[in-house]
Amino acid sequence: MLLAIQTLSSLDRATFVAMLEGVFEHSPWVAERAWAQRPFADLPELELALINSMLSATAAEQLALIRAHPELAGKAAIAGELTAESTREQAGARLDACTPAEFARLQALNASYTARFGFPFI
């Protein structure tokens, strides 16, 4: 559902957050904080509010945001548990067309990356 930016700006907080679900993976707090900066004159202003909400978060909140993202071609993808946005992103990278050997290699790389850095490669 596409909404005019003025309509989006006029929504109550819960509806606003629901409409932006998926923009920041499993992290509704980003939209909740941006909501307080309404009204938005245009899409770039909304984008800036969302980015500023994320950048002004604590390091722990930012790390939780990164950790909320699924691995590339990971277990959630294989199980069909990705959000619509992540499904589109991974399909766009053709990660949905990997061979079994490629999936196995990606799984190993994902595990290695997460072990080294403490969050998924996104």
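**Note on the helical chain and its contacts**

1. Not counting residues up to four places away in sequence, Q90 touches P70, E71, L72, A73, A77, L82, L95 and D96, where a contact means heavy atoms within 4.5 Å. Q90 is placed in helix 7, and with a relative accessible area of 7% Q90 is buried; here buried stands for under 20% relative accessible area, exposed for over 50%, and partly exposed for what lies in between, with a 1.4 Å probe and protein chains only.

2. On the basis of the note: this is a predicted model, in which local features need pLDDT of at least 70 and side-chain atom pairs count only at pLDDT 80 or more, while totals for chains, interfaces and linings use all residues. Residues are numbered from 1 along each chain as its sequence is written, and side-chain values use heavy atoms, with hydrogens and water left out.

3. The chain has eight helices and zero strands, and read along the sequence its pattern is α-α-α-α-α-α-α-α; helices (H or I, at least four residues) and strands (E, at least two) are DSSP runs, numbered from the N terminus. The C-alpha trace spans about 50 × 30 × 20 Å along its principal axes, and buried residues make up 27% of the 122 residues in the chain. Among contacts between residues at least 6 apart in sequence, 54% join residues at least 24 apart.

4. The largest nonpolar core has 17 residues, of which L8, F16, L20, A31, F40, L46 and L50 touch the most other members; such a core is a set of buried Ala, Val, Leu, Ile, Met, Phe, Trp, Tyr and Cys residues joined through side-chain atoms within 4.5 Å. At least two residues of this core come from each of helix 1 (5-10), helix 2 (13-19), helix 3 (29-35) and helix 4 (43-55), and helix 3 gives the most, with four residues. A31 itself touches F16, V17, L20 and L50, when residues up to four places away in sequence are not counted.

5. E85 also lies in helix 7, which covers residues 84-92, but at 26% relative accessibility E85 counts as partly exposed. Leaving aside neighbours within four places in sequence, E85 is in contact with E21 and G22. The C-alpha atoms of E85 and A64, which are 21 residues apart along the chain, are separated by 18 Å.

6. Just after helix 8, G118 takes a positive phi of about 85 degrees.

7. The count of aromatic pairs comes to five, where rings of Phe, Tyr and Trp (its six-membered ring) pair if their centres lie within 6.5 Å, planes under 30 degrees apart being stacked, over 60 edge-to-face and the rest tilted. Y113 and F117 form a tilted pair, 4.5 Å centre to centre with 45 degrees between the planes, and because they are four residues apart in helix 8, they are separated by about one helical turn. The rings of Y113 and F119 have their centres 6.2 Å apart and their planes at 70 degrees, so this pair is edge-to-face. Y113 is partly exposed at 25% relative accessible area, as are F117 at 40% and F119 at 21%. Y113, F117, F119 and F121 form one aromatic cluster.
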